[in-house]
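Look at the aromatic rings of this protein. Where do they pair up, and what surrounds them?

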Amino acid sequence: MHRPIAVRGLRPLLTAGLLGLAGLALIVPPALFTPVAQAATTSHPVLAGLSPASTSTSPSPSASASPPTSTSASASASGDDAYWTPQRMAAAEPVAADRSGPAKRNSSFRAARPSAADPIPPSHPFDGLPQVGTFFWTDGTNTGRFCGGTVVRSPLRSLVVTAAHCLRAPDPKRHLSFVPQYHDGLKPHGIYPVDRIYLDQRYYDLGTNGGARWDYAVVRLGARADGAEVEDVTGGYDLVPYPGYDHRDVRLIGYPGNSDTTHPKPLDCTSSTHRYTSTDPAAPGDFLEIACAGYIGGTSGGPFLVRDFTGYALIGVIGGYHTGGDFPDVSYSSYFTLDTLALYLHAVRGDTPAAPRIPSS
């Protein structure tokens, strides 16, 4: 099993002096220290100087172009906290693009990968982890929506990683907030309004299938109503670029749809991951694949977690191939690369997010 090595400050991948940052909490595997990888880093169009123009066009309609003042952020957090009652959170539906394959409710499906003879590891509901939670918002039809996310360590103390397909739609997102460890209608650590959303420009341009390999997003949160940043309250996990594909013990957490429960709990499962190379020409790429039973619509954005020296590290989020898979017993994640790291660094710097391009007339 590949075990990534924790490196604080991103030396030798990126120097803190270049970025004007210190203590970026990422895990960089030894493979990145090779001359080839170092050359790729310096030539990467985003990492070489981190110019927003290389991945951005105009401010995202669903994220603010500039950080809100503490007064407005506090008002937003208070308003969202009041809006998202237990009843409204329970009534929220999965994001529209989530796991839309025709057989997603076929819970008896057993995938041929990794082996038809292997039993699919079961999942079970639990009360969740402080670092893992749910985004809630209302869409253009005033329908409540939700999608999972995970707090990652950063100098800002306010970054969450989720699936890009959760937040790609340009429709208005009102009351867009993050609830850590949501379960049973509770907000045990409060609620945090969304400040900015960072998606790769190619995901906007190519869509959920063509851009499946970039199906991840970094979200910058505002503070809680009392001024607390999310990571100071919940803690966070290391973000892992190039984690490798084969891991024996991966913890998969996801929030399912609530068709058969009043207040859903997240699902928990431990299984192994493998490399899956897409056979669908419309959704090319290599993805992390994991077999865990019962991950139906709604689980998108939930984390793939592996143990590291600090507790857990994030190596993927449910999404990627067919927005996470066509069947509830096999899930996928886009593979985290330098492109993922670039989004993280853009979020740390507060650069203008990418956005859907306006068609030329």
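The count comes to 14 aromatic pairs. Rings of Phe, Tyr and Trp (its six-membered ring) pair if their centres lie within 6.5 Å; planes under 30 degrees apart count as stacked, over 60 as edge-to-face and the rest as tilted. This is a predicted model: local features need pLDDT of at least 70, side-chain atom pairs count only at pLDDT 80 or more, and totals for chains, interfaces and linings use all residues. Residues are numbered from 1 along each chain as its sequence is written, and side-chain values use heavy atoms, leaving out hydrogens and water.

Here are two of the pairs.

| Pair | Centres apart | Planes at | Type |
|---|---|---|---|
| Tyr242 and Tyr335 | 6.2 Å | 75° | edge-to-face |
| Tyr276 and Tyr332 | 5.2 Å | 50° | tilted |

Tyr276 lies in strand β13 and Tyr332 in strand β17, so their pair ties together parts that are 56 residues apart in sequence. Strands are DSSP runs of E, at least two residues; helices are runs of H or I, at least four; both are numbered from the N terminus.

Tyr335 is buried at 13%. Tyr276 is buried at 7%, and Tyr332 is buried at 3%. Tyr242 is partly exposed at 28%.

Other rings group together. Tyr83, Trp84, Phe136, Phe146, Tyr182 and Tyr255 form one aromatic cluster.

Terms used: Buried < 20%, exposed > 50% of the residue type's maximum accessible area, 1.4 Å probe, protein only.
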